[in-house]
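User: Hey, I'm new to this one. Can you walk me through it?

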Amino acid sequence: MTTPRNSAVGEQRRAKSTKAAKAGKSITTSKDTSASPSRSEAQPAPKAEPASKAEPASKTKPTSNAKPSSGGTRTESRLALVRRARRINRELAEVYPYAHPELDFDNPFQLLVATVLSAQTTDLRVNQTTPALFAAYPTPEDMAAADPEVLEQLIRPTGFFRAKAKSLLGLSAALRDRFGGEVPGRLKDLVTLPGVGRKTANVVLGNAFGVPGLTVDTHFGRLVRRWKWTDQEDPEKVEAEIAVLFPKSEWTMLSHRIIFHGRRVCHARKPACGACPIAPLCPAYGEGETDPDKAKKLLKYEMGGQPGQRLRPPADYPGPPAAPLGAAE
Ligand code: SF4
């Protein structure tokens, strides 16, 4: 199956400039613990409260005019949570209209391999490694027949190369023997492949097959907990609780936007709160640097004037591409 390289690239709207604003204090959510999503074959299909009913009828004000949330601890209703979550999503869509998967790939097989390699390393390192790998083994059949030691050396820069080589050999052989050399487009098939878990499967489904999916990685989990969208730690539970806040059609791009924001602004250790465009909507404002000048210095990738992670970014990406392996980084 041929898939456009940048199939998940978002809307082409220009990013609007939004001002970081002083924001409020804490919001405690009254989480709907009765939500118990059911799952379809390809992605979570929660049967909780229909998200569309909760959509506010009127368009919300732009972030720059947003009122900081009120001080003190208060309970946020389910409806208010859904509205705030969707508003954050809309704001992020304005800030990152070019959000996309940060792995370079040309087809589902390449995306699957790149995603497996991305465990415990950066997308940049994977993107610097895969050109030689895909030149050597362009198809599952080629990779399944690879000399393990040669394969290991090719993927060595991504770390854990012996385990990853084993996974790549296993999944390539499985694709060759069980799926006719094609990457399957169903979650239940993908997760039977060696080295492929639910997160990897959702990345492939969302970006190579257009099947909506949430990618709950470390950034996603951290941000949605900071935003009080959920207090779950387990990725599958996080996925289920976030899925019911949004229509399915938003899941893939929402994932990209959240991960973009986590990598650029809302870092694990030093979130750049003073330069954050969604500060007025964030209950965790103040967890990081609030001084605007100091916060600006914490911004990364295109927001900090630095290269991105892709060697071949989409045409609308506003930052410079990453350098190949061995070039000065
Ligand atoms: S940087 Fe993160 S914690 Fe700080 S205001 Fe923005 S989203 Fe909230």
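**Two helices and beyond**

Analyst: Let's start with a helix pair: His219, Phe220, Arg222 and Leu223 in α10 meet Ser255, Ile258, Ile259, His261, Gly262 and Arg263 in α12. Contact here is two residues with C-beta atoms, placed from the backbone, within 7 Å. By class, that contact has four nonpolar, four polar and two charged residues. Ala, Val, Leu, Ile, Met, Phe, Trp, Tyr, Cys and Pro count as nonpolar, Asp, Glu, Lys and Arg as charged, and the others, Gly among them, as polar.

User: Before we go on, what sort of model is it?

Analyst: It's a predicted model: local features need pLDDT of at least 70, side-chain atom pairs count only at pLDDT 80 or more, and totals for chains, interfaces and linings use all residues. Residues are numbered from 1 along each chain as its sequence is written.

User: Back to the pair. At what angle do α10 and α12 pack?

Analyst: About 85 degrees, with the axes of α10 (residues 218-226) and α12 (residues 251-264) 8 Å apart. Axes are lines fitted to C-alpha atoms, for helices over the stretch in contact, and angles run from 0 to 180 degrees between N-to-C directions. The two helices are therefore roughly perpendicular, a label for angles of 65 to 115 degrees.

User: How many helices and strands does the protein chain have?

Analyst: 13 helices and four strands. Those are DSSP runs, numbered from the N terminus: H or I of at least four residues for helices, E of at least two for strands.

User: And how much of the chain is buried?

Analyst: 45% of its 329 residues. Buried means 20 or more other C-beta atoms, placed from the backbone, within 10 Å of the residue's own.

User: Is α3 enclosed or exposed?

Analyst: Largely enclosed by the rest of the structure, because 10 of the 10 residues of α3 (residues 108-117) are buried. The cover over them includes α4 (123-136), α5 (140-144), α6 (148-155), α7 and α9 (198-208).

User: What about Ser167, where does that sit?

Analyst: Ser167 is in helix α7 (residues 161-178). Leaving aside neighbours within four places in sequence, Ser167 contacts Val116, Pro194 and Gly195. Val116 is one of the buried residues of α3. As for Gly195, its C-alpha atom is 5.1 Å from that of Ser167, though they are 28 residues apart along the chain.

User: Last one: which residues are closest to the ligand?

Analyst: Cys266, Pro271, Cys273, Cys276 and Cys282, out of 14 that surround it. The shell divides into 11 nonpolar, one polar and two charged residues.

Note on methods
A residue is near a molecule or strand if its C-beta atom, placed from the backbone, lies within 6 Å of it. Angles under 35 degrees count as roughly parallel, over 145 as roughly antiparallel, 65 to 115 as roughly perpendicular and the rest as oblique. A residue is buried if 20 or more other C-beta atoms lie within 10 Å of its own, exposed if 12 or fewer, and partly exposed in between; C-beta atoms are placed from the backbone.
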